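Good morning, and thank you for coming. Please look at the structure on the screen while I take you through the ligand, the interface and the salt bridges.

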Amino acid sequence: MLKTDIAFKTDLNKGFLPFITAFMVFVASITFATALIGNSLATDWNKHMNNNLTIQVLPDMKAKNPSQEIEARINNISKILKQTPGVKSYYAMTKDETVNLLKPWLGGKIDITLPRIISVQTSDVIPLNTKTLTNEIRSYSSLIKLETYENWMYDFKNTISAVQTLLGLIIVLILATTAITISYATKSGLNINRKVINIMHMVGATNKYISTQFSRQMMILAISGGFVGYIISCLVIFIIKTISEEISDGIIANFEFSSYVYLEMLLIPIIAGIIAKVSAMLTIRKELNDMM
Amino acid sequence: MQKTQSDSTKPIISLQNVGLRYNAGPEVLKDINLELKAGDFYFLTGASGAGKTSLLKLLHLAHKPTRGKVKIFGKDIDFIKQQDMANIRRRIGIVFQDYHLLDHLSVLDNVALPLRIVGRSERYIQTHVPELLEWVGLKKFINVKPKLLSGGQQQRVAIARAVINNPDILIADEPTGNVDEEMAKKLLFLFLELNKMGTTVIIATHSTNLIKQFHFPVLHLQDGHLTKE
Ligand SMILES: Nc1ncnc2c1ncn2[C@@H]1O[C@H](COP(=O)(O)OP(=O)(O)OP(=O)(O)O)[C@@H](O)[C@H]1O
Ligand SMILES: [Mg+2]
């Protein structure tokens, strides 16, 4: 604990200020963590989905031999894929595999030519230009469906970033409320300590000295409360994480986030402490000047 | 240690035609003219309510006069900036009539206050403060809160705080009002020591005994007027 020379009487604030900052930091930390986790989920999904791309090759019923025609087209598309930068690997399901896959629904003997699927893994390193690829394949044959997740991801990302902006706004509001609360607590603290401040002035303390001492004390109170709020929010997040993992048992495997979230959340009580110090300092400076 | 204000011809404090009234009340101090030089030692007497504390307040800048001029260390207090005010106050030791100790601080921390304000090291504080407290007979009470002390003991804490930083001016309001005669004499000798090193001392007192024992000039307040005896 820092040594404060004066140790202002902060009886009134002793319970109130740490409690209020603990609460504010708790709410802000949970909000912040939600934003962070949302972020990591988004990038995670983004990665998973962007790496996958499915090409459906539909049979051309007007062809003389649709079943041969489709093999030829799959071969050609494979050639295109091989030459396309950004494609890591691809796999064209064989006819037998497709038949096997559909057996439960269509029965053992299938006469019609089935649509076929080519699944493409895109590279992490080289970006794939899906538009060019689509055009290239389309120009070759129109009986092809290309499914990327890009359109879908775009909406998803927009939603996520809107939510994150909202969460950020909430955090700013909470911190602003903290600053105002601390300013009021400081004012009442100064009133209680009017006699002390008077004596300090009498023995030659400057306003700067008094405000430094006083705001340091407010900061210690705020940080100690903020730390409690931080610990509680970490516990809550940890518990939610554990429970959700148990319930989903790997179904929502994506509710995994790095433990850095706990570290990043530590920013909140630190910011709260700085805000306490600054808003107390500004309040005291103003009040002391009015006092003189 | 020699004082900075060694020029004994220049007044360290001067009051010219000073008057003081509280709010809309009657004038409690009238046409006060006073010059204190470096190394002066004065007693200040007067009946209860005569205005001794009020006069001392003017001397240590706790109050501004309603009329007239007050100069301290050659500076007109009407034109003093906040930082200068603090600097001046650091050179003045005050023993308040009602002590004005900080209840939530220990005796040691109370006495150390003027030293901490000027940024003295903790080492300096931990050696000099206990030394002085021993001298005023409070060694046992170093870590006690003032509220647990007797009136006379609190008074000695206030005196220790006033002299700890070796002030240029010592202003003491009834500093021996609550102690026995033996202790009163001892404390007066402490003030005398400071005075010998150059501190200007002014002591408000009712004790005719002290005034008789120590042959220093006496300022007398009556009906708001100040006379030198
Ligand atoms: N803060 C104040 N507001 C209004 N009137 C005051 C204030 N302080 C002192 N007075 C009045 O000024 C007059 C002088 O008071 P002061 O305290 O200076 O007397 P004193 O000589 O110190 O008395 P004592 O010997 O009892 O300490 C008194 O009539 C008192 O009522
Ligand atoms: Mg008095």
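I begin with a polar side-chain atom of B:Gln97, which lies 2.8 Å from an oxygen atom of ligand 1. That is a polar contact, meaning a pair of N or O atoms within 3.5 Å; within protein, one must be able to donate a hydrogen and the other to accept it, and residues adjacent in sequence count only if both atoms are side-chain atoms. This is a predicted model, in which local features need pLDDT of at least 70 and side-chain atom pairs count only at pLDDT 80 or more, while totals for chains, interfaces and linings use all residues. Residues are numbered from 1 along each chain as its sequence is written, chains are lettered from A and ligands numbered from 1 in the order in which they are written, and side-chain values use heavy atoms, with hydrogens and water left out.

Two further side chains of chain B approach ligand 1 through an N or O atom: for B:Lys52 the distance to a ligand oxygen is 2.7 Å, and for B:Ser54 it is 2.6 Å. The protein covers 61% of the 630 Å² of accessible area that ligand 1 has on its own, by the Shrake-Rupley method with a 1.4 Å probe, where for residues only the protein chains shown count as cover.

Which helix gives the most to the shell around ligand 1? It is helix H1 of chain B, residues 52–59, with 3 residues. Helices here are DSSP runs of H or I with at least four residues, and strands are runs of E with at least two, numbered from the N terminus.

Let us turn to the interface. In chain A, 19 residues are in contact with 20 residues of chain B, contact meaning heavy atoms within 4.5 Å. About 1900 Å² is buried between the two chains, and carbon and sulfur atoms give 67% of this area. Buried area is the accessible area (1.4 Å probe) that two parts lose on being put together, summed over both. On the side of chain A, A:Ile199, A:Met202 and A:Val203 lose the most area to chain B, together 34% of what that side buries.

How many salt bridges cross this interface? The rule finds 0 between chain A and chain B, a salt bridge being a side-chain nitrogen of Lys or Arg within 4 Å of a carboxyl oxygen of Asp or Glu. Over all chains, the structure holds 13. One of them joins B:Asp168 to B:Arg91, with the closest N and O atoms 2.6 Å apart. These partners are 77 residues apart, B:Asp168 in the loop between helix H5 (151–163) and strand S7 (169–173), and B:Arg91 in the loop between helix H2 (82–90) and strand S6 (92–95) of chain B.
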